[in-house]
Each structure stands twice: as C-alpha cells, then as structure tokens.
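Here's a quick briefing to read alongside the model. Have the sequence and the 3D view open, and let's walk through it topic by topic.

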Amino acid sequence: MKIYYSLLLIGCVAFATCEETMAQKKNVRKPVVSTPNTQRLDAQVSELMASRMAPATIAIEALEITKLEEYNRLLARDDSKYPAEEVYNGNWDTLHVDPFGAAKIDFPDSYTIDCGSFVPPIDNNIRVTSKYGPRRRRMHRGIDLKLQTGDTVRAAFNGKVRIKSYEKRGYGYYIVLRHPNGLETVYGHLSKFLVNPNQIVRAGEPIALGGNTGRSTSSHLHFETRFLGRDINPAEIIDFENGVPHKDTYLFTNVKINGKKSNLYSTSPNAIAYHKVRRGESLSVIARKYGTTVNELCKLNGIKTTSILTVGQAIQYRAKQVTVEASTQSVKQTPSTDAPSASGKKIEVAVEQTNDDGRIYHSIQSGETLFNIAQKYNTTVEKLCELNNFQNNIILTVGKKIRCS
C-alpha cells in the first residue's frame, strides 16, 4: 500500500512539473521580424511625434520673425516721419530751399548716401536740356529735364514734403522733399501740386505735374540734389541717360580747398568749383585766392590771359584739397573715419583739452549739431548725451563747451 501511495505522489509531482514547463513555453514571445509594413508604421510614428513638437518650434520662429518685422516697420516709420533726423538735427525749415541759409554749417567729413531706391522723376525718355554749372553769369544749381506741361513728376526717393511753394522769379511752383538717406531733392517749374506739406511719399509716387512756371522759357523739370543745404551736381549721383544711380551709394566728402584763407569746400578733391567775379578782381587775384595759376584758369574757362572779366561772371577752377590746420593752443586729433585726400593726408580736427585726466571738450560753433560733433570726434550722439547728461533733442548754445571724450 505504501508503495502505491509513493508512486502516486511521484506521478503527481511529475505532472505538475510538466504543466509548468508547458506554461513557460507558451509565454515565451517569438522575435518580431521586420517587414516593409512595420518599417512604414515606424516612419508614420516618427512623423507623428515630430508633428507634435513642430508647432512649438514654428511658433517661436514666427514670433522672432514678427518681432523683426515690427522693428523694421517702426524703424521705417520713424525714417518716414523724421527723415535724416540724425543729420539735420530737428531743422525743418518750411520756407527756404537751403534750411540753414547763411549759417555756418560744420559738414561731416564724409557721409554715405544710399541711392538704391532711386526712381526717375519723369516717365518719358530722359533728356537733359541744361546741365549743372554756371549759366549766364549765375549758377545753375540743378539739372533740367525735358517734359511737357502736365507730365507726371515723381518722387526720386522715399521721403517727406518739406516745402510746397511758389517763387515768381525762380523755381515757379516747386517742391522740396527730404529723404531718409540724407539727401533733399528740389522739383521746380511745376504746373500743379499733387501732395501737401509734411506728407510722406514713396519713391516713384506722383507728387506734381510738370510745367513752365517761374523763371523758365519752356516746359521742363528743374531737378536739384542737396545735402545739408549744399547743392550737389545731380549728374554725379544719377546716370540720367539710363535713369539709374551710378552706384548704390554716393559718398559725400567735405574737403577744404584752395588756399589757407579759403572758406570754400567741395564734395570732391578734384571737383570743378566756381567763383563769381567781384568788382576790381583780375585773373591773377582769383588765381592767388584759390592756389592755382592764370594759365590753368584760362584753360578751364576757354578764355585768354588778356580777357576782360565782368562783375558776376562765373569762373571755374579746380578744387585742390588742403589740410585744415588746428590752432597752436589746441590738440590735433584725426578721427579714424576721416577720408584721406588725394595726397594721402587726412583732415585734422581741432579739439580743446582742458583737463589733465585726458577729457576732451568742444566749443559749439554756429550751425553745429550733435551728429556733426559726434562724427568729428569719432563717437556717437548717444555717447555725447551720456557724457554730458542731456537729451539728443537739446538745443545747442554757441560757445558752450561739451565733453566729447
């Protein structure tokens, strides 16, 4: 009997062990074999996970783009509302073509003018009928372009209308635009205005209709380019034959020319300048004044050494740059931004140094602006304001000293 029970117990244990072994075998998973279907499923899952992350990335990028666009929009709006404010320093004269008149202007030694947005001021084929320069004993400060009365006149650059006026013995009906690039353009002898003072205009936008008003003998557009009131030959900036700028930028340079006592400046070291003959002057007097010779004057003007000059006659002479000497009581400083002359020399700027600690001060002259002073001392308007604890719209007083370093 005992033997019977022992064999039964052994059989039960063996059966239980066999059951457990079979259960373990059933729970073992076979390895998954990769198929094209599973690969496609994995790719779809990856795309789904990526799409869940993409909206956040796109939102951040869109926000950055929006910020940049908003900044550029505000910058463009300020440029439109206050064109070239850093150059003209708040001078918005609504009466005179030259906003500074007879005031002495401290021009920057150089200034880069962006001309890339230029649009021809007239639509038809451009034909120059009168060039810049002396004409009948007076200076023609612009260039005349042929048009018919009623033809559309367009803004040459983005800008703002500074003057809309009438001058009987000169421009006739005329408009002056100030542009963010620093230039001002003048449009004369118009027949009808299409814009109003302080209106913001875009390059190519109609501003007037051409005409024959004022001191004019036929229908044409008198077109001027000016910087800080000084007229620049438009042909130096614009290729009128092809209706495009010569370059995307025009470098205005301010160089003192011809003689130690000369107070004349040119926009180019080799430019042709003009002298209006006064009573009692001769060719030799004019030659000495501008550091040239009688023979050179005769060659440039197509006259003889025995020619009789008349009062008011315009005499051409070639500008030659000279170094502006500082006084012996001041310190000479040459800003790194100064453009070298044809001889390789740089214009020196007189500064006053009143402290032993190296601080440099400047006495304000008539017509100077913070922008002019900042360029002269190779600094910024913001730095000048910080050094002197004042705002950038401060009215400068002639004779007042401000710290520049």
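Let's start at Arg 403, which sits in strand 24 (residues 401-403); helices (H or I, at least four residues) and strands (E, at least two) are DSSP runs, numbered from the N terminus. Keep in mind that this is a predicted model, where local features need pLDDT of at least 70, side-chain atom pairs count only at pLDDT 80 or more, and totals for chains, interfaces and linings use all residues. Residues are numbered from 1 along each chain as its sequence is written, and side-chain values use heavy atoms, with hydrogens and water left out.

**Around Arg 403**

- Leu 384 is 19 residues away from Arg 403 along the chain, yet their C-alpha atoms are separated by 7.1 Å.
- Leaving aside residues up to four places away in sequence, Arg 403 touches Arg 359, Ile 360, Tyr 361, Leu 384, Leu 387 and Asn 388, where contact means heavy atoms within 4.5 Å.

**Strand pairing**

- Strand 11 (residues 206-210) runs antiparallel to strand 6 (residues 152-154), with three bridges joining them; two strands pair if DSSP finds at least two bridges between them.
- Val 153 has Ala 208 of strand 11 as its bridge partner.
- Strand 11 also runs antiparallel to strand 9, again through three bridges.
- On that side, Leu 209 in strand 11 stands opposite Lys 192.
- As background, side chains in a regular strand alternate between the two faces of the sheet.

**Salt bridges**

- Searching the whole structure turns up five salt bridges, each being a side-chain nitrogen of Lys or Arg within 4 Å of a carboxyl oxygen of Asp or Glu.
- One of them joins Asp 123 to Arg 154, with the closest N and O atoms 2.7 Å apart.
- That pair links distant parts of the chain, 31 residues apart: Asp 123 is in the loop between strand 1 (110-114) and strand 2 (128-130), and Arg 154 is in strand 6.
- Arg 154 is partly exposed at 21% relative accessibility; the scale here is buried under 20% relative accessible area, exposed over 50%, and partly exposed in between (1.4 Å probe, protein chains only).
- Asp 231 and Arg 141 also meet through their side chains in a salt bridge (3.0 Å, N to O).
- Asp 231 belongs to strand 13 (residues 230-232) and Arg 141 to the loop between strand 4 (138-140) and strand 5 (143-146), so this pair ties together parts 90 residues apart in sequence.
- Asp 231 is buried, with a relative accessible area of 12%, while Arg 141 is partly exposed at 36% relative accessibility.
- Arg 162 and Glu 184 form a salt bridge too (2.7 Å, N to O).
- Since Arg 162 lies in strand 7 (residues 159-167) and Glu 184 in strand 9, the pair ties together parts that are 22 residues apart in sequence.
- Both Arg 162 and Glu 184 are buried.
- Shared partners join Arg 162, Arg 178 and Glu 184 into one salt-bridge network.

**Cysteines**

- Cys 115 is buried at 1% relative accessibility, and Cys 385 is buried with a relative accessible area of 11%.

- Ala 84 has a positive phi near 50°, though it is a residue other than glycine.
- Ala 84 sits in the loop between helix 2 (36-81) and helix 3 (85-88), and is buried at 2% relative accessibility.
- Asn 198 is not a glycine either, and has a positive phi of about 70°.
- Asn 198 is found in the loop between strand 9 (183-193) and strand 10 (200-201), and is partly exposed, with a relative accessible area of 44%.
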